[in-house]
Amino acid sequence: MTERRLYLDRGFGESRGVVTLDGRPERLLVRRDGDDPKLALGARCVARVASLEPALATAFLDLGGGAEAILPFKPDAKPVRGQALEIEIRGEPRRGKLAIARALGNGEGAPRLLGPSRDVADELRALVRDAEIVQGAAAREMADEAEAEALEVLHPIPGGGVLAVEPTRALTAIDIDLGERKGADAKRVTRQANLAALGLAARLLRLKGLGGIVVIDLVGRGHDGNALMAAARAAFQPDNPGVAIGPVGRFGTMELSLPRRVTPLGEILCREDGQPSDRTLAQRLIRRLETEGAAQPGARLEARCAPGVAEAARPLGVQLAERIGARFTIRADPALPRERPEVSAG
């Protein structure tokens with residue numbers, strides 16, 4: 001019996017929603033001030049056809065305000081350049097890739113968002129119905145835990161072993177490693193590890209927001225293909241519709257295709273080199289200042305951080321000042337490492 005719970009952390013400039021599965025983060029939703037609501041999953045918009053690529057059966061759409069999307073079409077439903085369409089976003093943009101839309105019908109007027117998009121609370125309720133949303137300190141702690149786990153590469157497998165999740169441009173590679181296992185129970189141990197790893201992999205892929213082709217390198221030899229297929233179907237059932245699972249191959253790998261629906265969390269939180277972005281580090285710094293301000297109501301606080309982080313934190317600091325007062329400063333210090341800001345009380 002699985003149990004899912006919901007958490008909502010409303011911060012300054014950012015809201016984070018978490019779904020947990022049996023106490024572990026399964027999904028992390030991040031919405032930041034400045035995000036274009038027209039590109040959020042499920043957003044309904046009026047779009048205008050900007051251009052067509054008939055050879056690719058794809059139309060490029062103008063959503064207004066610089067936002068763009070692509071619309072795959074069938075030969076008998078080819079749109080016309082300049083045509084207004086009502087569309088829904090079914091795949092959020094990824095690094096180097098535009099959002100993917102589906103046509104709902106003809107539209108009227110200029111490109112625009114049709115009504116407000118769902119906020120994080122509504123997204124959580126859509127994922128898990130009839131569950132209470134926990135807020136406050138417990139939600140912040142869970143969101144921090146989810147963010148940290150989502151950015152890790154290596155993850156412990158229940159019962160022993162390590163699972164590595166490494167996305168590339170073409171696919172996501174998952175490696176199951178048990179180390180050296182010998183003896184009469186080696187086959188039983190590897191079988192249990194593979195079955196446990198499939199459930200862990202499914203949770204982590206949802207948490208990280210990864211889809212597309214996934215290749216899982218199973219541990220051991222002589223796999224029970226039927227048992228692994230059954231375990232994979234159960235583990236990835238929440239990702240349907242759109243999941244395709246292949247049988248265990250001759251080289252001991254299992255291949256899957258998962259729908260791409262959301263922007264990968266690593267792209268939201270990190271730069272292209274995989275390091276946390278200035279904005280992500282600024283959000284962490286502001287949360288730290290908020291915590292210190294609550295713990296020391298009369299103290300004046302000073303935060304020192306890398307220049308890029310300080311620049312990203314200043315507009316967030318304006319919002320924080322409205323909550324705790326203008327009793328803190330944020331100073332740029334080029335000598336400090338990006339991920340090691342310092343906060344002191346005076």
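Among contacts in the chain between residues at least 6 apart in sequence, what percentage join residues at least 24 apart? The figure is 66%. Keep in mind as you look around that this is a predicted model.

Let's start with the whole chain. There are 346 residues, and 42% of them are buried. If you draw a box along the principal axes, the C-alpha atoms fill roughly 65 × 60 × 45 Å. The exposed surface comes to about 18100 Å², with carbon and sulfur atoms supplying 50% of that area. In terms of secondary structure, you can count seven helices and 19 strands.

Six of them line up in the order E11-E12-E13-E14-E16-E15, making an open sheet with mixed pairing. At its edges sit strand E11 (154–156) and strand E15 (244–245), each of which pairs on one side only. Inside that order, have a look at E13, residues 172–177, and E14, residues 212–217: these two run parallel and are joined by four bridges. If you want a particular pair to click on, take Asp175, whose bridge partner in E14 is Asp217.

Next, go to helix H3, which spans residues 186–208 and holds Arg206. Is this arginine buried or exposed? Arg206 counts as buried because its relative accessibility is 8%, and the cut-off for buried is under 20%. As for its surroundings, leave aside residues up to four places away in sequence, and Arg206 touches Arg4, Leu21, Glu26, Arg27, Ala235, Phe236, Pro238 and Asp239.

Now for the empty space. Rolling a probe the size of a water molecule over the atoms shows where such space is left. Searching the whole structure turns up two cavities of 30 Å³ or more. The largest has a volume of about 40 Å³, and its lining is made up of Asp9, Gly11, Phe12, Glu14, Arg16, Arg140, Gln283, Ile286 and Arg287. Sorted by class, that lining has five charged, two polar and two nonpolar residues. Strand E2 (14–21) and helix H6 (278–295) each supply at least two of the lining residues, and H6 gives the most, with three.

The second largest cavity also has a volume of about 40 Å³. Around it you'll find Gly91, Glu92, Arg94, Leu98, Ile100 and Arg260. Here the lining divides into three charged residues, two nonpolar and one polar.

E3 accounts for the largest share, at three residues. By class, the pocket lining has 12 charged residues, seven nonpolar and four polar.

Note on methods
Residues numbered from 1 in each chain as written. Predicted model: local features only at pLDDT ≥ 70, side-chain atom pairs only at ≥ 80, totals over all residues. Heavy atoms only, no water. 1 Å grid on protein atoms, 1.4 Å probe; cavity = no way out; pocket = protein on both sides within 12 Å on 5 of 7 lines; lining within 4 Å. Points joined across faces, edges and corners; volume = space filled by probe spheres on them. Nonpolar A, V, L, I, M, F, W, Y, C, P; charged D, E, K, R; others polar. Buried < 20%, exposed > 50% of the residue type's maximum accessible area, 1.4 Å probe, protein only. Contact = heavy atoms within 4.5 Å. Areas by Shrake-Rupley, 256 points an atom, 1.4 Å probe, with all protein chains shown as cover. Pairing = 2+ DSSP bridges.
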